[in-house]
Amino acid sequence: MTTRRKGDLSWASFYASIAYYAPAFIVVVGVFLAVTYATHQNEKLNLENLRTNTTESLGRLRAGLEGNIAANIHMMQGIAATLEAEGDVIAKDRFETIARHLLSHPSQLISVSASPDLVTRYVYPTGGYMGHLNWNLRRDAKQHAAVAKVQNEGKIVVTGPITLRDGKTVLVVHYPIVQETGAAGRTFWGVLSGLVDLDKLYADSGLPAESLNVAIVANEGEEGTTHTIYGNPSAVSDHPVITTVNFGTDQWQIFAVPASGWYTAPANAFLFKLLACIIGVMIIGPVLWVASLLRERQENISALRQREEDLRTISHRLEIALEASKIGVWELDVGSGILDWDARMFMLFDEKPTDGQNNYATWRGSVHPDDVEDAERTLHETIKTGRDFTNEFRIVCPSGEIRHIRAYGTMYRDSAFRKKIVGVNWNVTRDMRLQQELRKAKLQADKHNQELERARQHMEHNSLHDALTELPNRRYLDQHLKAADASEGAHSTYTLLHIDLDRFKEINDTLGHGAGDEILRHTAARLRENIRGGDFAARIGGDEFVVVCAGRIDAPRFTDLARRLIDAVNMPVRYSGQDCRVGASIGIASRSNADLKAEQLLINADIALYEAKRRGRNRVEHYTDAMRSLAVDSKRTNDAILRSIERNEFVAHFQPQFDSHTLEIVGVEALARWDHPEKGMLDPSHFIKAAEELNVIAKIDAAILDQSLLQMTRWTATGLHIPKVSVNISAQRLFDDMLVEHLEELNVRPGTLSFELLESISFDDKNESTNNALAAIRALGIDIEIDDFGTGYASILSLLKLSPRRLKIDRQLTRPILESEPQRRLISSIVDIGRSLNIEIIAEGVETMDHVSLLRDLGCQTLQGYALARPMSANDFAIFAKQRNWFPRQPASGLSA
């Protein structure tokens with residue numbers, strides 16, 4: 001028997017529907033095409049009317065603009081005729097009278113001027129828009145080309161628009177004035193210029209037009225470029241109506257579109273479409289109604305056929321599903337107790353097929369003895385209550401194989417009203433085994449997850465603790481402080497102790513990192529022993545530690561805790577047979593209100609720690625606002641020093657040195673000065689300490705050296721001979737590996753440069769390095785001087801080792817020699833030492849001419865001080881040296897540099 005598929009019926013229904021609705025579809029298409037064509041024709045007619053109206057309006061607008069511009073030019077002809085007739089003899093009053101009369105008539109002219117030979121001589125109104133008298137139009141960048149064209153071609157030229165200083169926009173009309181000169185013919189006299197108020201011109205010509213969107217475009221220069229001078233530029237690209245306005249030698253193009261656009265619906269569009277729709281409905285309605293009746297009849301026939309097809313399909317699919325899933329179907333007659341199996345049930349229980357009479361006994365005998373009671377109870381419960389049941393039990397096949405069976409049953413009554421239960425059984429042995437395997441896998445997975453959790457906890461602990469000391473690290477500290485910031489009440493108040501070890505770097509450098517690690521472990525152990533139970537200690541990096549003390553404790557108790565920690569850290573640590581000791585400096589900062597965040601508190605504790613180190617280390621300091629101000633000022637100064645080094649704001653000033661007998665200049669000392677951008681010129685007392693802390697003193701020394709040598713070269717080029725220049729050099733600069741290489745590149749002439757070493761610098765611990773550095777410097781012809789002699793560490797033995805060329809006696813020794821006999825004897829002794837060692841003596845602090853006489857008598861060869869000259873810039877020194885105005889010199893007070 002051949003059956004039709006559902007798809008075949010659907011296609012048949014579809015083709016039948018097409019057959020029924022084909023006439024209606026043709027009618028609908030015809031009506032739609034007719035309505036569309038009529039609507040299109042109506043819109044086309046409306047568009048043509050719009051373009052015609054726009055063209056007419058644009059023509060009136062063009063005529064208005066040309067007429068008004070021509071009228072303004074025509075009005076200027078009256079003055080032009082007067083100028084052509086009278087020329088240079090016309091008086092200013094007469095010109096103003098004619099111009100006033102001209103401008104009193106209704107027009108757009110707002111100002112006129114006359115420019116004989118292109119230089120403005122007459123303007124009305126005066127002080128108006130035409131600039132000022134004696135203005136040369138040839139030098140006017142905006143009008144030069146226009147007036148040149150007027151002069152060369154003798155034509156009226158209109159330029160603009162131009163925006164004046166008061167914001168008014170105008171057109172400039174240049175009218176050529178040509179005079180009759182008898183036999184010589186016609187001569188160009190000059191230009192009559194008029195300003196046309198562009199806004200008034202637009203208004204008098206009908207702009208803005210309510211019904212139009214207008215754009216006026218003018219040519220710009222000789223290149224043919226254009227720009228929009230009025231209206232919306234979008235009108236240029238919206239299929240506009242275009243016309244041209246000609247005036248003088250120039251022209252404008254006017255682009256216009258309707259204000260509402262080209263695609264405005266016709267006025268009768270709604271009524272037109274309404275009538276078309278009514279006619280279409282009257283035609284289409286009856287046709288569709290007849291087609292729907294025919295289609296409904298066909299659908300009823302198709303539905304009956306489809307039901308038969310669906311029933312066959314469902315039966316076929318059910319058979320396939322049961323076969324594929326090996327599900328057995330059974331039915332129990334409750335009244336008779338007969339259990340009927342299908343063929344798959346016998347296969348499921350591994351039994352031979354019977355007529356069904358003994359199937360119940362077969363079923364009961366196959367169920368596993370441990371599951372029989374539960375299986376029968378479930379079945380009887382369904383018979384009693386009528387509810388569906390689901391059950392699982394085991395069966396024992398004749399071969400001894402044990403299978404897991406899942407059963408589902410539901411009760412119903414047949415056509416004879418007999419109570420029956422129908423159900424299905426299927427083999428779930430594989431599922432049960434899989435579940436057992438999954439349970440085993442889950443147990444293994446749980447065990448693995450426990451191991452992973454332990455590993456995660458271990459990793460989390462490592463990520464929050466320092467591996468060397470087992471103290472919390474910076475990350476853990478940040479989390480702890482964040483939690484403290486978020487807490488309220490007593491828990492939100494805490495104090496930070498920032499601890500930094502003293503002399504830790506020396507131990508690392510001398511005994512190695514193993515000793516340093518032992519010191520860090522020792523410090524961590526002492527912290528644990530001495531802090532309170534609720535306190536939090538962390539190592540935040542290097543040799544820095546932080547202790548967080550929660551709750552309110554008065555400042556003295558914090559000080560006691562800090563000193564106890566310092567004493568504990570100071571205890572010696574035995575390493576490789578040696579006692580290692582370090583100190584500790586501690587800065588303390590407390591959080592007394594919730595607005596102070598942990599980040600700021602750490603900064604405050606760090607500021608206090610810096611102050612503790614600055615005051616001598618191995619001590620405790622509490623944070624104060626004054627410390628913060630000092631730290632801010634110090635940072636500001638440090639930043640300014642670094643910026644100034646980059647900008648070359650450290651400059652050399654020069655103080656001359658004089659021969660004690662002739663008072664001739666025998667050299668200069670280069671002194672560093674800071675040309676501060678705000679505070680002006682500053683001496684070293686304002687920056688030397690900060691520069692040493694920043695480790696940039698060598699850079700400043702290098703800059704002063706380079707400037708000094710450059711100035712020596714300049715002085716020599718101008719005929720000023722200075723025998724030598726002395727430059728201060730720091731220990732940091734002296735031991736710079738690149739110093740000698742840099743000096744070799746400078747190619748210093750021997751004997752013209754001296755390095756001044758402070759006597760306060762001790763070179764004993766660097767004796768070999770010192771000798772090597774000084775030997776390399778002397779090999780380049782550079783002298784060595786000892787500065788501030790008498791105030792530092794230099795001994796006779798040091799002088800013998802260093803072998804300086806000169807000693808400079810400090811001002812503290814030279815200043816009191818006028819009143820102090822012991823001081824004079826001391827100076828005399830230093831001079832004798834210098835003579836015996838062949839060392840020249842320079843005396844600083846020469847403040848009076850009495851100092852000059854006495855120091856000369858004591859044997860000092862060279863003098864330097866305010867009595868003779870102060871430090872000065874390179875240019876001022878050059879003037880000072882050339883003028884030689886220190887002969888004679890009056891006593892001066894003050895301190896030398």
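1. In this predicted model, T862 is found in strand β30, which covers residues 862–863. T862 counts as buried, because its relative accessibility is 7% and the cut-off for buried is under 20%. Not counting residues up to four places away in sequence, T862 touches Q657, F658, V666, I841, I842 and A843.

2. W252 is a residue of strand β9, which runs over residues 250–258, and at 1% relative accessibility W252 is also classed as buried. When neighbours within four places in sequence are left aside, the contacts of W252 are L171, L198, Y202, I216, V217, A218, I229, T243, T244, V245 and F247. As for E529, which stands 277 residues from W252 along the chain, the C-alpha atoms of W252 and E529 are separated by 96 Å.

3. The helix contacts deserve a separate reading, since two packed helices are described by the angle between their axes and the distance between the axes. For helix α14 (residues 598–614) and helix α15 (residues 625–646), the axes come within 10 Å and cross at roughly 80°, which makes α14 roughly perpendicular to α15. On the α14 side the contact is made by Q600, I603, N604, I607, A608, Y610, E611 and R614, and on the α15 side by M627, R628, L630, A631 and S634. By residue class, this contact of α14 with α15 divides into seven nonpolar, three polar and three charged residues.

4. Helix α7 and helix α8 (residues 372–385) have axes that come within 9 Å and cross at roughly 135°, so that α7 is oblique to α8. Here Y360, W363 and R364 of α7 meet V372, A375, E376, L379 and H380 of α8, and the residues of the contact of α7 with α8 comprise five nonpolar, one polar and two charged.

5. The structure holds 13 aromatic pairs, and one of them is formed by W363 and F393, whose arrangement is edge-to-face, with 6.0 Å centre to centre and 90° between the planes. Because W363 lies in helix α7 (residues 359–366) and F393 in strand β12 (residues 389–396), the pair ties together parts that are 30 residues apart in sequence. Both partners are buried, W363 with a relative accessible area of 10% and F393 at 5% relative accessibility. W363 thus has a place in this ring pair as well as in the contact of α7 with α8.

6. A further edge-to-face pair is that of W674 and F687, so described because the ring centres are 6.1 Å apart and the planes stand at 85°, where angles over 60 degrees count as edge-to-face. W674 belongs to strand β23 (residues 665–676), whereas F687 lies in the loop between β24 (680–682) and α16 (688–694), so the pair ties together parts that are 13 residues apart in sequence. W674 and F687 are buried.

7. Two further points concern aromatic rings. W341, F346 and F349 are linked into a cluster by ring pairs, while at another ring, that of F417, R413 lies over the face at 4.5 Å from the ring centre.

Note on methods: Residues are numbered from 1 along each chain as its sequence is written. This is a predicted model: local features need pLDDT of at least 70, side-chain atom pairs count only at pLDDT 80 or more; totals for chains, interfaces and linings use all residues. Side-chain values use heavy atoms; hydrogens and water are left out. Axes are lines fitted to C-alpha atoms, for helices over the stretch in contact, and angles run from 0 to 180 degrees between N-to-C directions. Helices (H or I, at least four residues) and strands (E, at least two) are DSSP runs, numbered from the N terminus. Angles under 35 degrees count as roughly parallel, over 145 as roughly antiparallel, 65 to 115 as roughly perpendicular and the rest as oblique. Contact means heavy atoms within 4.5 Å. Ala, Val, Leu, Ile, Met, Phe, Trp, Tyr, Cys and Pro count as nonpolar, Asp, Glu, Lys and Arg as charged, and the others, Gly among them, as polar. Rings of Phe, Tyr and Trp (its six-membered ring) pair if their centres lie within 6.5 Å; planes under 30 degrees apart count as stacked, over 60 as edge-to-face and the rest as tilted. Buried means under 20% relative accessible area, exposed over 50%, partly exposed in between (1.4 Å probe, protein chains only). A charge sits over a ring if NZ of Lys or CZ of Arg is within 6 Å of the ring centre and within 35 degrees of the ring normal.
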